[in-house]
Amino acid sequence: MRLEPLLRWLLSDQPRTRPGPEDLVIPALDHLRLEPVAISALERRGEISRGSPLAEALTPRLIHQAARNLELLAAGEELLAALATRGVDACLLKGGWLLAQGVYPDSAQRYMQDLDLLTRERDRP
């Protein structure tokens with residue numbers, strides 16, 4: 001599946017025809033890690049409903065991503081607290097920071113597989 005039609009479909013403000021059959025779209029979304037973007041865009045435009053084949057395919061992936069993100073954030077908070085007790089100033093960057101600040105109303109909307117930390121150069125080994 002070509003990337004451009006897939007992105008045009010996801011990023012449009014108006015309902016659009018899906019760029020291909022579900023058996024091609026779903027693996028493409030998975031491969032590109034765009035499931036959160038897809039479900040958010042489709043819900044916003046009213047193009048997806050609970051129980052639809054696309055929702056049924058994407059929902060388990062979103063639940064997994066939400067759980068993973070919450071686990072990462074908890075680990076990040078624990079790590080920041082441990083660093084602080086040792087006098088090391090650190091903060092989350094990128095996706096971790098955005099999630100911690102509540103930029104995403106649903107933690108599944110941001111694909112994340114790790115955390116990025118910023119520390120002062122003097123605190124690095």
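Helices (H or I, at least four residues) and strands (E, at least two) are DSSP runs, numbered from the N terminus, and under this scheme Lys-94 is found in helix α5. The views below show a predicted model, in which local features need pLDDT of at least 70 and side-chain atom pairs count only at pLDDT 80 or more, while totals for chains, interfaces and linings use all residues. Residues are numbered from 1 along each chain as its sequence is written, and side-chain values use heavy atoms, with hydrogens and water left out.

**View 1. The helix α4 and its bend at Thr-59.** Helix α4 (53–85) has 33 residues and reaches 49 Å from its first C-alpha to its last, close to the 48 Å expected at 1.5 Å a residue, where the expected span is 1.5 Å times one less than the number of residues. At Thr-59 the helix α4 bends by about 30 degrees, and Pro-60, a proline, follows within four residues; the bend at a residue is the angle between axes fitted to the seven residues ending there and the seven starting there. After α4 comes Gly-87, with a positive phi near 80 degrees.

**View 2. The buried residues of α4 and what covers them.** Buried means under 20% relative accessible area, exposed over 50%, and partly exposed in between, with a 1.4 Å probe and protein chains only. Among the buried residues of α4 are Leu-54, Leu-58, Leu-62, Gln-65, Asn-69, Leu-72 and Gly-76. An α-helix has 3.6 residues a turn, so residues three or four places apart point the same way. The cover over the buried residues of α4 includes α1 (3–11), α2 (22–32), α3, β1 (90–93) and α5 (94–100), contact being heavy atoms within 4.5 Å.

**View 3. The largest pocket, with about 320 Å³ of space.** On a 1 Å grid over the protein atoms alone, a pocket is an open set of points where a 1.4 Å probe fits, with protein on both sides within 12 Å along at least five of seven lines, and lining residues have an atom within 4 Å of a point. Grid points are joined across faces, edges and corners, and the volume is the space filled by probe spheres set on the points. The largest pocket holds about 320 Å³; of its 14 lining residues, Ile-39, Glu-43, Arg-50, Thr-59 and Leu-62 are the closest to its centre. Two or more lining residues come from each of α3 (35–44) and α4, and α4 gives the largest share, five residues.

**View 4. Met-112 in the loop between α5 and β2 (116–119).** Met-112 counts as buried because its relative accessibility is 4%. Not counting residues up to four places away in sequence, Met-112 touches Gln-65, Arg-68, Asn-69, Leu-72, Gly-95, Gly-96 and Leu-99. The C-alpha atoms of Met-112 and Gly-95 are separated by 6.5 Å, although these residues lie 17 residues apart along the chain.

**View 5. Ala-90 in strand β1.** With a relative accessible area of 26%, Ala-90 is partly exposed. Leaving out residues up to four places away in sequence, Ala-90 touches Leu-80, Leu-83, Leu-118 and Thr-119.

**View 6. Positive phi at Arg-33 and at Lys-94.** Arg-33, in the loop between α2 and α3, has a phi near 60 degrees, a positive value in a residue other than glycine, and at 41% relative accessibility Arg-33 counts as partly exposed. Lys-94 likewise is not a glycine and has a positive phi of about 50 degrees; Lys-94 is exposed, with a relative accessible area of 55%.
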